[in-house]
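Biologist: I have a new model open and would like to learn how to read it. Could you walk me through it?

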Amino acid sequence: VVDLRGNPGGMGILSSALLGWFLDKEAALGTLRMRTYELKLMANPRPEAFAGKLAVLVDGLSLSTSEFFAGAVKDLGRGRIFGERTGGM
């Protein structure tokens, strides 16, 4: 269980680092677009990555990078999201 309730987010790149602990292969996560540059986000697997099922808990205060992480877990087929609708950042 990854509990992201009340987590306002942070630096987007950190979600790709955290996701590596739950992946068995490299995964493209999308592109972070800023005013002056684009950053292609990748998640690289860790040697001892957790292979079990994941549940990600979210609520209305789960924002930004928390939402990105939860969505990536779902989109990559690694787990399910449970809880309330997030803040939509």
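**Reading a buried serine, a sheet and a core**

Modeller: Gladly; keep in mind that this is a predicted model. Let us start with serine 62: leaving aside neighbours within four places in sequence, serine 62 is in contact with Leu4, Arg5, Gly6, Asn7, Glu67, Thr86 and Gly87.

Biologist: Where is serine 62 found, and is serine 62 buried or exposed?

Modeller: Serine 62 sits in the loop between β4 and α2. Buried means under 20% relative accessible area, and serine 62 has 0%, so it counts as buried. Its side chain also reaches the backbone nitrogen of aspartate 59, at 3.0 Å.

Biologist: How should I read the sheet, and in what order do its strands form it?

Modeller: Follow the order β1-β4-β5: these three strands form an open sheet with parallel pairing. β1 (2–3) and β5 (79–83) are at the edges with a single partner strand each, so one side of each has no neighbour in the sheet. Between β4 and β5 there are five bridges; valine 56, for example, has isoleucine 81 in β5 as its bridge partner.

Biologist: And which residues have the most contacts inside the largest nonpolar core?

Modeller: The general idea is that nonpolar side chains tend to be buried together in soluble globular proteins. Here the largest nonpolar core has 16 residues, and those with the most contacts inside it are Val2, Leu4, Leu19, Leu29, Val56, Phe69 and Val73. At least two core residues come from each of β2 (27–33), β3 (38–43), β4 (54–58) and α2 (65–75), with α2 giving the largest share, four residues. Beyond its neighbours within four places in sequence, valine 2 is in contact with Phe22, Ala55, Val56, Leu57 and Phe69.

Notes. Residues are numbered from 1 along each chain as its sequence is written. This is a predicted model: local features need pLDDT of at least 70, side-chain atom pairs count only at pLDDT 80 or more; totals for chains, interfaces and linings use all residues. Side-chain values use heavy atoms; hydrogens and water are left out. A nonpolar core is a set of buried Ala, Val, Leu, Ile, Met, Phe, Trp, Tyr and Cys residues joined through side-chain atoms within 4.5 Å. Buried means under 20% relative accessible area, exposed over 50%, partly exposed in between (1.4 Å probe, protein chains only). Contact means heavy atoms within 4.5 Å. Two strands pair if DSSP finds at least two bridges between them. A polar contact is a pair of N or O atoms within 3.5 Å; within protein, one must be able to donate a hydrogen and the other to accept it, and residues adjacent in sequence count only if both atoms are side-chain atoms.
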